[in-house]
Amino acid sequence: TYPSTFGVFEEGVREICELVHYHGGQVYIDGANMNAQVGLTRPGDYGGDVSHLNLHKTFCIPHGGGGPGMGPIGVKHHLAPFLPTHPVIPPVFTDDNRQPFGTISASTWGSASILPISWVYIKMMGDEGLTLASEVALLNANYMRKRLEPYYPTTYTNKHGLCAHEFIVDLRQFKTHGVTEADAAKRLQDFGFHAPTMSWPVPGTLMIEPTESEDIGEIDRYIEALILIREEIQDIIDGKIDINDSPLRHAPHTVRVVTGTEWDRKYSRQKAAFPLPWVSPETKVWPTVGRIDDAFGDRNLVCTCAASMDDF
């Protein structure tokens, strides 16, 4: 993947590709992070032989919920004779060197419901617009990383202290005080934000990718939420509140909990549900459920079938 999932442009990418080629290998470029490259560079320029271009994220298709993940796969000329064929379209190559892989998809050109959206997006943006989108994605990530620098360490940057289109904030140092990355992720919901990618590609971290889509107001609100979460972590470190009594461990706070008759928490309902001035009842996006047991249930399966339970 380029830029790497660590959020940096690998400076030795050409040398790496050349080494693979020297030993007879081919380089497959994952196009997941093309939103940092469109209009700026091309996978083939730094050594890629094959690359798929994900339409989600980079080309206007939603990213998440399991899909829809699709997009064209581009190859260099020496691999073209091996491209798949389809009964209803003519082959790309008709000479004797053609060694097609055969048919791999019932749909000739992919999803007819998805491809037109990306086509219209590309036509509307044009060359300059697509390049600007890449530049803004890079700018937004570096703006967020720089503002969060006094509060959270970043795992990876280049030699200039910059990231690519995403960056990883490290929360592992707080585990000695009982605070986990899940606490920060769940707490973000109280601000109306979905958590970023958690514990991947580095366990104990949050990988933040603002993309080009968010305006400066939304980005600043996200930053303010993370800064306040850092202050709540500091309260735990300083012994002002125990981790098990903190809003971090009880997050997210649902309407049912906040408006319930009983409230025995060691912090106010306002701190729970409206932690910053711009989190208001009129505009707040409420979490529908609170935290149960995180991944415990996934790792400790229990049979709930009454007939089978009698056998134990």
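Ser199 is located in the loop that runs between strands E5 and E6, where strands (E, at least two residues) and helices (H or I, at least four residues) are DSSP runs numbered from the N terminus. Although Ser199 is not a glycine, its phi is positive, at about 60°, and with a relative accessibility of 25% the residue counts as partly exposed; here buried means under 20% relative accessible area, exposed over 50%, and partly exposed in between, with a 1.4 Å probe and protein chains only. The model is a predicted one, in which local features need pLDDT of at least 70 and side-chain atom pairs count only at pLDDT 80 or more, whereas totals for chains, interfaces and linings use all residues. Residues are numbered from 1 along each chain as its sequence is written, and side-chain values use heavy atoms, with hydrogens and water left out.

Most residues other than glycine have a negative phi, and most peptide bonds are trans. A positive phi of about 60° is also found at Thr211, which is not a glycine and which lies in the loop between E6 and helix H4 (216-237). Thr211 is buried, its relative accessible area being 15%. As for the peptide bonds, Trp200 and Pro201 are joined by a cis bond with an omega of about 5°, and Pro201 is placed in the loop between strand E5 (197-198) and strand E6 (205-208). A cis peptide bond also links Tyr2 to Pro3, with omega about -10°, and Pro3 belongs to the segment before helix H1 (13-22).

Lys57, in the loop between strand E2 (50-52) and strand E3 (73-75), counts as buried at 15% relative accessibility. Its side chain reaches the backbone oxygen of Ala32 at 2.8 Å, and a polar contact of 3.2 Å joins the side chains of Lys57 and Asn33. A polar contact is a pair of N or O atoms within 3.5 Å; within protein, one must be able to donate a hydrogen and the other to accept it, and residues adjacent in sequence count only if both atoms are side-chain atoms.

A search of the whole structure finds 2 cavities of 30 Å³ or more, a cavity being a set of points, on a 1 Å grid over the protein atoms alone, where a 1.4 Å probe fits but cannot get out. The largest cavity has a volume of about 60 Å³, and its lining residues, which have an atom within 4 Å of a point, include Asn35, Thr58, Phe59, Tyr121 and Glu212.

Technical notes:
On a 1 Å grid over the protein atoms alone, a cavity is a set of points where a 1.4 Å probe fits but cannot get out, and a pocket is an open set with protein on both sides within 12 Å along at least five of seven lines; lining residues have an atom within 4 Å of a point. Grid points are joined across faces, edges and corners, and a volume is the space filled by probe spheres set on the points.
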